[in-house]
Amino acid sequence: MPSLKSLRMRINSVKSTRKITQAMKMVAAAKLRRAQSQAEAARPYAVRMERMLASLGASVAGTPDAPKLLVGSGGDAVHLLVVVTADRGLAGPFNTNVGRFARARIRELEAQGKTVKLLTVGRKGAAYLKREFASRVVGEISFAGKKRLEFSDASEVAARITAMLEAGEFDVCALVYNRFRNVMTQVPTEQRLIPAPLPEAGSPADSGGALYEYEPTEEEILAQLLPQNLAIQVYRALLESAAGEQGSRMTAMDNATRNAGEMINKLTLNYNRTRQANITKELIEIISGAEAV
Amino acid sequence: MANFQLELVSPEKLLLSREVEMAIIPAAEGEMGVLAGHAPMIVALRGGTIRVRENGAETERLFVAGGFAEITPTRVTVLADEATPVAELSRAEADRRVAEAQAAYDAAAMDTPERRDAAMARLLAMRAMKDAAQAA
């Protein structure tokens, strides 16, 4: 039976753990709200970008000199996976889920005889994937220490992808990240970036039934629009992942706080019983001592 | 006079979405005044100020650092790389960014023509931002 002192120490340590998890939960909740509103603020741009791309892309995709960002390099041999995870742990299964999903995907692609390259965003994913696929990792990006994700961060990632494409380092590029469904659930998802999946062209009624005029030329606009589109896709994924991270951490910390509470109850009961047992023991000793006299 | 819907969005937020009478947009090949009923167009933008006019007076000025605009008879959507109301621009900030863009441009002098063009466009956009900040 543990001594009273050691029980008291355990109770105190669990209590301070509960304080920490509770604080982390509050912080995560506040950050979640911010991340969600940021993700919402980014939505209108993405929606309109998609609409513009739909009307532009459809007319250019068929031509032989279509930009690489739109149609890819034509091959299918080398896949680049951009894996987005968090920079910090203690977020429940958040990072492991993406990691496991990416691992399954890598295995699958390699079983088909394709070469896989990895670009990791976020420290946790890098650590996880390096254990098994160190030779496939071609780059690591981390925004650790940044207070707020900015669009320029996403542009940086996109610029890196574009540079690799121009150097002919891969044929197909996909993003792997946690899609934010709600605070409780984040779904690891794969989203293809290059070749760009063309959204369905909107109904012609949208543009008043007429075709667009372009200034300067269609090709020049597309050449500017495509890198921007890539960046916005990455930005969206980063934001969803950031919101998901906070959501997942909030849930995990909520559970931890509850578990700590249960643990404290159990330990307190144990402590009281032990205390009572000690008193009883002492009484028996005194009484039996008195009887012997 | 007929109005049309003007929307200005940057990747970080929706800055403006309302009915206006006329918008002057800094298109890549020159400023463009848009009224309701304009022919459908998609234009690239350079760095400059979008000016909104209502009832014959200028009611709003917003700086954009490049982007695109989609024009339809009833709606204009501006997708800006970066957008700030002119009143919120600071001259010191603009100076700093011009210097940054200048440095990037100098560094790109030996690079491929595309990169140099991009750096050039960036520098011009930042100069436009400085001008806008000074005018405000």
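Over which residues of chain A does pLDDT stay under 50? The answer is residues 202-209 of chain A, and the legends below begin with that stretch of the predicted model.

**View 1. Confidence along chain A of the predicted model.**
The mean pLDDT of chain A is 87, and 92% of its residues score at least 70. Among the elements of chain A, helix H3 (residues 94-111) has the highest mean pLDDT, 93. The lowest mean, 76, belongs to helix H2 (residues 68-71) of chain A. Over residues 202-209 of chain A pLDDT stays under 50, and the model has 10 contacts beyond four places in sequence for this stretch. Where pLDDT is low, the predicted coordinates should not be read in detail.

**View 2. Chain B as a whole, with eight strands and two helices.**
From the N terminus on, the order of elements in chain B is β-β-β-β-β-β-β-β-α-α. The C-alpha trace of chain B spans about 50 × 30 × 25 Å along its principal axes. A compact globule of 136 residues would have a radius of gyration near 14 Å, so the 15 Å of chain B agrees with that expectation. Of the 136 residues in chain B, 37% are buried. Among the contacts in chain B with a separation of 6 or more, 52% are between residues 24 or more positions apart.

**View 3. The hairpin of strands S3 and S4 in chain B.**
Strand S3 (residues 22-27) and strand S4 (residues 30-35) of chain B run antiparallel and are joined by six bridges. Two residues lie between S3(B) and S4(B) in this hairpin. One of the residues to look for is B:Ile25, whose bridge partner in S4(B) is B:Met32.

**View 4. The contact between chain A and chain B.**
Chain A gives 23 residues to the contact and chain B gives 21 residues. On the side of chain A that touches chain B, helix H1 (4-60), strand S6 (213-215) and H6 each supply at least two residues. H1(A) provides the largest share of that side, eight residues. By class, the side of chain A that touches chain B consists of 16 nonpolar, three polar and four charged residues. Strand pairing also links the chains: S6(A) runs parallel to strand S5 (residues 41-54) of chain B, with three bridges between them. The bridge partner of A:Glu215 in S5(B) is B:Val43.

**View 5. The largest nonpolar core, with 98 residues.**
The members that touch the most other members are A:Val82, A:Val83, A:Val234, B:Phe68 and B:Met129. Helix H6 (residues 218-292) of chain A contributes the largest share of this core, 17 residues.

**View 6. B:Thr74 in the loop between strands S6 and S7 of chain B.**
The loop that holds B:Thr74 lies between strand S6 (57-72) and strand S7 (75-80) of chain B. B:Thr74 counts as partly exposed because it has 14 C-beta neighbours inside 10 Å. Leaving aside neighbours within four places in sequence, B:Thr74 is in contact with B:Phe4 and B:Gln5. The C-alpha atom of B:Thr74 is separated by 9.6 Å from that of B:Ala2, with the two residues 72 residues apart along the chain.

How values were computed
Residues are numbered from 1 along each chain as its sequence is written. Chains are lettered from A and ligands numbered from 1 in the order in which they are written. This is a predicted model: local features need pLDDT of at least 70, side-chain atom pairs count only at pLDDT 80 or more; totals for chains, interfaces and linings use all residues. Helices (H or I, at least four residues) and strands (E, at least two) are DSSP runs, numbered from the N terminus. The radius of gyration is taken over C-alpha atoms; the globule rule is 2.2 Å times the number of residues to the power 0.38. A residue is buried if 20 or more other C-beta atoms lie within 10 Å of its own, exposed if 12 or fewer, and partly exposed in between; C-beta atoms are placed from the backbone. Two residues are in contact if their C-beta atoms, placed from the backbone, lie within 7 Å. Two strands pair if DSSP finds at least two bridges between them. pLDDT is the predictor's confidence in each residue, from 0 to 100. A nonpolar core is a set of buried Ala, Val, Leu, Ile, Met, Phe, Trp, Tyr and Cys residues joined through C-beta atoms within 7 Å. Ala, Val, Leu, Ile, Met, Phe, Trp, Tyr, Cys and Pro count as nonpolar, Asp, Glu, Lys and Arg as charged, and the others, Gly among them, as polar.
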